[in-house]
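Biologist: I'm new to this one. Could you walk me through how to read it, a feature at a time?

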Amino acid sequence: MLTIELAGEEVRLLRERALFWPRQRTLFIADTHFGKAATFQSHGIPIPTGNTATDLARLAALLAATQAEELVILGDFWHAARGRSAETVALLAAWRAGCAEVSIRLIRGNHDRAAGDPPPEWNIACENPGAAAEPFTLAHEPLDQAGGYVLAGHLHPAIRLAESCGGGMRSPCFWVTPRMCVLPAFGGFTGAKCVTAVEGDRLFAIGPDEVVEVRTVTANHRPSRRKSTPQKT
């Protein structure tokens, strides 16, 4: 892990593609996309099973290692309504029962709006973007708005390393700007897109064993810094 400061708070960037806030014992992840393989399979696309089980095992281990008391999912809990197969739902229900003592908040993402909220018996508080965890504002899509420092997902950010060697290697990353931090996608069966850093931004690449700050990158995407008004949940 790598410790940095955001909005005056010490946070830890974890190689498991998560952010931990020690003072509040809160773990943040984004873009789990549970049921994505099942969604593809429902369309007749031959995708191997096991992605959801693997991601849930990673998440359970991460909650245990950090001893987090709260988990915040920054959008796209589900991939699609068709991915809510009986097998996927059973796996998630068993995982939730195994961490029943952990409070969970879901900030709805664009996929969640179509797929629907998790079942109420899972005790996951579902909120719209703009919810607060002071000094942070919680979102899915990166946004500019009055209020706290924004924590978001949606972009599945990555950076390309060793470009001078030809082609380079793409790595998931945390994208930290003066006004927001965009988390990498937590789900193992998700894509990633290289992002553009501008002056004042910081990029933290996720390697096999550690998170490292990278100061020179070649990239091809820029975030949508749109304005958004908090909505009532």
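Modeller: Let's start with Leu71. Skipping neighbours within four places in sequence, Leu71 is in contact (heavy atoms within 4.5 Å) with Leu27, Ile29, Leu59, Leu63, Trp95, Val102, Ser103, Ile104 and Arg105. Keep in mind that this is a predicted model, where local features need pLDDT of at least 70 and side-chain atom pairs count only at pLDDT 80 or more, while totals for chains, interfaces and linings use all residues. Residues are numbered from 1 along each chain as its sequence is written, and side-chain values use heavy atoms, with hydrogens and water left out.

Biologist: Which residues have the most contacts inside the largest nonpolar core?

Modeller: A nonpolar core is a set of buried Ala, Val, Leu, Ile, Met, Phe, Trp, Tyr and Cys residues joined through side-chain atoms within 4.5 Å. Buried means under 20% relative accessible area, exposed over 50%, and partly exposed in between, using a 1.4 Å probe and protein chains only. Here the largest core has 26 residues, and those with the most contacts inside it are Leu27, Leu59, Leu63, Leu71, Phe77, Leu92 and Trp95.

Biologist: And which element gives the most to this core?

Modeller: That's α2, with 4 residues. Helices (H or I, at least four residues) and strands (E, at least two) are DSSP runs, numbered from the N terminus.

Biologist: How do I read a strand's two faces?

Modeller: In a regular strand the side chains alternate between the two faces of the sheet. Take β3: Ala18 and Phe20 on one side are buried, and so are Leu19 and Trp21 on the other.

Biologist: What does β3 pair with?

Modeller: Strands pair if DSSP finds at least two bridges between them. β2 (residues 9-14) runs antiparallel to β3, joined by 3 bridges, and Leu14 has Ala18 as its bridge partner. The two form a hairpin with 3 residues between them, and Arg17 in that turn has a positive phi of about 65 degrees. On to β4: β3 pairs with β4 in the antiparallel sense, also over 3 bridges, with Trp21 opposite Thr26. This hairpin has 4 residues between its strands, and its turn holds Arg25, whose positive phi is about 50 degrees.

Biologist: Now the rings. How many aromatic pairs are there?

Modeller: A pair of aromatic rings is described by the distance of the centres and the angle of the planes. Rings of Phe, Tyr and Trp (its six-membered ring) pair if their centres lie within 6.5 Å; planes under 30 degrees apart count as stacked, over 60 as edge-to-face and the rest as tilted. The structure holds 7 such pairs. In one of them, Trp21 and Phe136 have ring centres 4.9 Å apart and planes at 80 degrees, so they sit edge-to-face. Trp21 is in β3 and Phe136 in β9 (residues 136-138), so this pair ties together parts 115 residues apart in sequence. Both residues are buried. Phe34 and Phe77 are edge-to-face too, because their centres are 5.1 Å apart and their planes at 75 degrees.

Biologist: Where is Thr32 found, and what does its side chain reach?

Modeller: Thr32 is in the loop between β4 and α1, and is buried at a relative accessible area of 2%. Its side chain reaches the backbone oxygen of Phe77 at 3.0 Å. That's a polar contact: a pair of N or O atoms within 3.5 Å, where within protein one must be able to donate a hydrogen and the other to accept it, and residues adjacent in sequence count only if both atoms are side-chain atoms.
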